[in-house]
Amino acid sequence: MELKAKWMGIPWNWTEEMDSTNEWAKRDAKNGAPSGAVYIADSQTQGKGRIGRRWETPKGSSLALSLLLRPDFEAEHAPMLTLIMGMAACMAIEKITGLTAEIKWPNDVVINKKKTTGILTEMGMSEGKISYVVVGIGINLNMESFPEELAYKATSLKIECGHEINRDEIAAALLFYFEQYYEKFEQTHNLGFLIEEYNNHLVNRGKEVLIKEKDGEYTGISRGINDKGELLVEKKDGNCVEIFSGEVSVRGL
Ligand code: ATP
Ligand code: BTN
């Protein structure tokens with residue numbers, strides 16, 4: 001079966017090199033581009049990760065894709081699109097490679113505990129309402145190795161499954177799954193429909209994790225997400241904290 005989205009991916013914008021596909025989509029959004037537009041670059045000179053970090057996009061071996069959306073919901077719901085994209089990426093990767101993919105909340109997909117995928121969601125506001133949301137995703141497809149500083153924590157689909165991955169095929173599958181989830185999310189503005197599937201794919205669920213926030217760190221047991229997309233972490237005293245996906249990182253111990 002060919003996996004094909006209905007309206008996401010129209011128009012489909014591709015270029016050889018771009019600073020960042022998220023920046024490209026944001027510029028195009030300001031020029032009136034429609035909801036569903038997709039931006040793909042073979043390489044990015046300034047690929048961006050979370051919190052001002054860098055995302056490596058070597059030519060010919062990655063998927064760097066940004067999706068422009070113009071949702072009709074409150075800004076507080078936009079971070080949940082990162083989680084929806086994470087789930088869509090897991091589904092697409094598993095469908096195409098047969099591997100088991102896991103989600104490292106809030107924005108990574110890992111295989112055998114190493115990062116294959118990062119997601120960065122950005123938003124533009126106008127008169128107090130969302131004007132656009134850009135959901136950007138980088139998937140390591142066909143790298144055969146990584147520079148030393150990344151090799152211990154990064155991997156590619158080719159390293160894990162042993163064969164080349166077709167970029168267009170994975171991009172199409174990704175948008176197919178994302179579109180289905182997005183249409184459900186638009187009806188309720190919560191992640192109730194996805195919780196079970198998401199938590200079944202959550203790395204370190206039921207295990208001890210280290211939570212690093214701007215002003216400190218603590219450990220607890222990861223209990224999965226709630227319908228707002230917050231991660232529930234049970235602390236030693238038995239109380240559960242709900243972590244919002246701001247500038248936080250969650251590590252296994
Ligand atoms: P944490 O979420 O625990 O802080 P993280 O290293 O995944 O860890 P993110 O902000 O999610 O942090 O991702 C950005 C980081 O990803 C960069 O600082 C860099 O170390 C790493 N990185 C950059 N390019 C790639 C890539 N192509 N594949 C895997 N990892 C990469
Ligand atoms: C992260 O792991 O911190 C997020 C990485 C997001 C990378 C993607 S690649 C396509 C899009 N364009 C960017 O500049 N960043 C995102």
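How much space lies in the largest pocket? I get about 960 Å³. Before going on: this is a predicted model, where local features need pLDDT of at least 70, side-chain atom pairs count only at pLDDT 80 or more, and totals for chains, interfaces and linings use all residues. Residues are numbered from 1 along each chain as its sequence is written.

My terms: a pocket is an open set of points on a 1 Å grid over the protein atoms alone, where a 1.4 Å probe fits, with protein on both sides within 12 Å along at least five of seven lines; lining residues have an atom within 4 Å of a point. The volume is the space filled by probe spheres set on the points.

Largest pocket, lining: I count 44 residues, with R53, W55, D108, K115 and K153 closest to the centre. By class they split into 17 nonpolar, 14 polar and 13 charged (Asp, Glu, Lys and Arg count as charged, Gly as polar). Strand β6 (114-126) is among the elements supplying at least two residues, and it gives the most, five (strands are DSSP runs of E, at least two residues). Domain 1 (12-199) and domain 2 (204-252) both contribute, so this pocket lies between them; the bounds come from an automatic or database domain assignment.

Second largest pocket: about 360 Å³. I find 17 lining residues, and R50, P79, T82, T121 and S245 lie nearest the centre. The lining has nine nonpolar, five polar and three charged residues. Here too β6 has the largest share, five residues. Both domains give residues to this lining, so the second largest pocket also lies between them.

Notes
Chains are lettered from A and ligands numbered from 1 in the order in which they are written. Side-chain values use heavy atoms; hydrogens and water are left out. Helices (H or I, at least four residues) and strands (E, at least two) are DSSP runs, numbered from the N terminus.
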